[in-house]
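Here is a short tour of a protein model, written to be read with the structure open beside it.

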Amino acid sequence: MSQPTRILLALIVGLIIGIAAAASGGAWVDPAVAIAQPIGDTWLNGLRMTIIPLVVSLLITGIASTAETARSGRIAARSLMLFMSFLVAASALAAFLTPTYLALFPIPEQSAVALRAALSGAQTVTNVPGIGAFMKSVVPTNPIAAAANDAIVPLIVFTMVFAFAITRLPTEQRAALTLFFQAIADAMLVIIGWILWLAPAGVGALAFVVGARAGTGAVGALLHYILIVSAVGATISLIAYPVAMIGGGRRLIDYARGVGPAQAVAVSTQSSLASLPAMLRGAGALGVPVETSGVVLPLAVAVFRVTAPPMNLAVALYIAHWYGIQLSPFQYAAAIAAASVTTFSGVGLPGQITFYAGVAPICLAIGVPVEALGLLIAVETIPDIFRTIGNVMMDVAVTTVISRHYGADDGIMVTPEEMIA
């Protein structure tokens with residue numbers, strides 16, 4: 001049985017037992033909740049302890065490898081610039097779409113109240129800084145203290161500056177530092193692998209507590225979450241059509257036919273890498289020279305996951321809505337920046353690790369509790385389908401844009417394995 005299936009089953013079983021316990025009204029329910037709550041909290045703390053070292057190390061290695069790729073040819077550098085522009089734009093669009101969809105289709109108030117009560121131990125931000133305090137806090141006076149206090153925005157700023165500084169060092173020093181942080185990232189991934197192996201126990205305990213306290217409202221809230229986040233991903237995915245038509249100069253019917261097989265592979269595998277052969281064939285059918293698609297598409301698979309920032313941002317904004325947190329414009333700006341940048345921290349990671357590594361920093365950046373992620377990670381399978389479809393569609397669409405406006409140059413052929421390594 002796959003790990004996502006084990007975690008999902010643990011969620012379902014935990015909710016069923018918890019809801020049944022709440023309906024029974026037995027005297028044993030409160031003592032059972034008192035036992036299950038520390039188990040779930042301990043598992044969540046295990047995940048939380050990896051956030052800072054994982055994000056820092058992956059950002060440094062991601063930026064270093066991206067800068068190295070940009071040196072391989074003009075088409076690679078132009079592709080990376082276009083990728084980053086799309087990532088920021090998609091994040092900003094999600095900051096508009098998510099509140100809009102939540103206003104049109106709000107979570108049932110009863111479910112929201114019940115879930116807030118079920119996760120009553122979560123800490124939220126009560127004091128929102130003004131513009132002066134916000135601007136002052138962006139640059140950390142002590143990055144170690146920022147890491148200790150989960151001040152993710154100033155920590156990301158320092159990490160990015162540090163990572164770009166590494167790219168200016170001599171080759172030997174650059175390689176040594178990159179290898180050092182890669183080793184830290186690999187060690188964190190091993191730890192997360194151990195923690196996720198225990199996920200059925202942690203998720204099951206959390207689900208039991210939520211079911212016992214929130215009743216059937218928990219099920220409705222989780223379904224509502226899946227629909228909202230998936231809707232954001234689907235909307236971002238549809239933008240690939242006008243991108244291919246306007247930017248790439250392709251007809252709608254031609255692009256739809258060209259990307260169709262890759263979409264089918266994406267649905268069945270939930271893997272952009274597995275969809276790469278179909279994307280290459282689709283790009284060829286759209287008239288993209290192999291000299292261009294052979295560079296751009298593997299690079300896109302490795303670093304351009306256009307649905308990751310907007311859907312990660314949607315998760316964080318959904319949790320904020322869940323808790324009734326009113327975000328300031330500065331918090332939205334911080335969320336967009338964190339979502340856009342931390343996409344580089346998910347290169348080559350398994351889906352559930354990518355989910356947590358991508359969403360947790362956004363939550364920390366805007367003061368949204370990360371405790372809810374312990375439940376939401378269990379239902380990520382359905383939104384992940386929309387993530388993969390959107391990535392595949394936009395990868396092909398952006399490749400047509402680059403082919404039309406830049407064409408091929410002296411860029412080297414890069415394989416997916418070389419890019420992800």
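Predicted model: local features only at pLDDT ≥ 70, side-chain atom pairs only at ≥ 80, totals over all residues.

Residues are numbered from 1 along each chain as its sequence is written, and side-chain values use heavy atoms, with hydrogens and water left out.

The protein has 21 helices and 0 strands (DSSP runs numbered from the N terminus: H or I of at least four residues for helices, E of at least two for strands). Of its 421 residues, 55% count as buried, where buried means under 20% relative accessible area, exposed over 50%, and partly exposed in between, with a 1.4 Å probe and protein chains only.

How confident is the predictor? The mean pLDDT (confidence in each residue, from 0 to 100) is 82, and 87% of the residues reach 70 or more.

| Element | Residues | Mean pLDDT |
|---|---|---|
| Helix H12, highest | 240–247 | 93 |
| Helix H21, lowest | 416–420 | 40 |

Over residues 409–421 the pLDDT is below 50, and beyond near neighbours in sequence this stretch has 29 contacts in the model (a contact means heavy atoms within 4.5 Å). Across the protein, 87% of the contacts between residues at least 6 apart in sequence join residues at least 24 apart.

Leaving aside residues up to four places away in sequence, Tyr241 touches Leu252, Tyr255, Ala256, Gln263 and Met393. Met393 is 152 residues from Tyr241 along the chain, yet their C-alpha atoms are separated by 8.2 Å. Another pair to find is Ala337 and Ile362, 25 residues apart in sequence and 8.7 Å apart from C-alpha to C-alpha. Ala337 sits in helix H17 (residues 329–341) and is partly exposed, with a relative accessible area of 40%.

The 15 residues of H8 (residues 152–166) should span 21 Å at 1.5 Å a residue, and the end C-alpha atoms are 20 Å apart, which agrees; the expected span is 1.5 Å times one less than the number of residues.

Definitions and conventions: pLDDT = per-residue confidence, 0-100.
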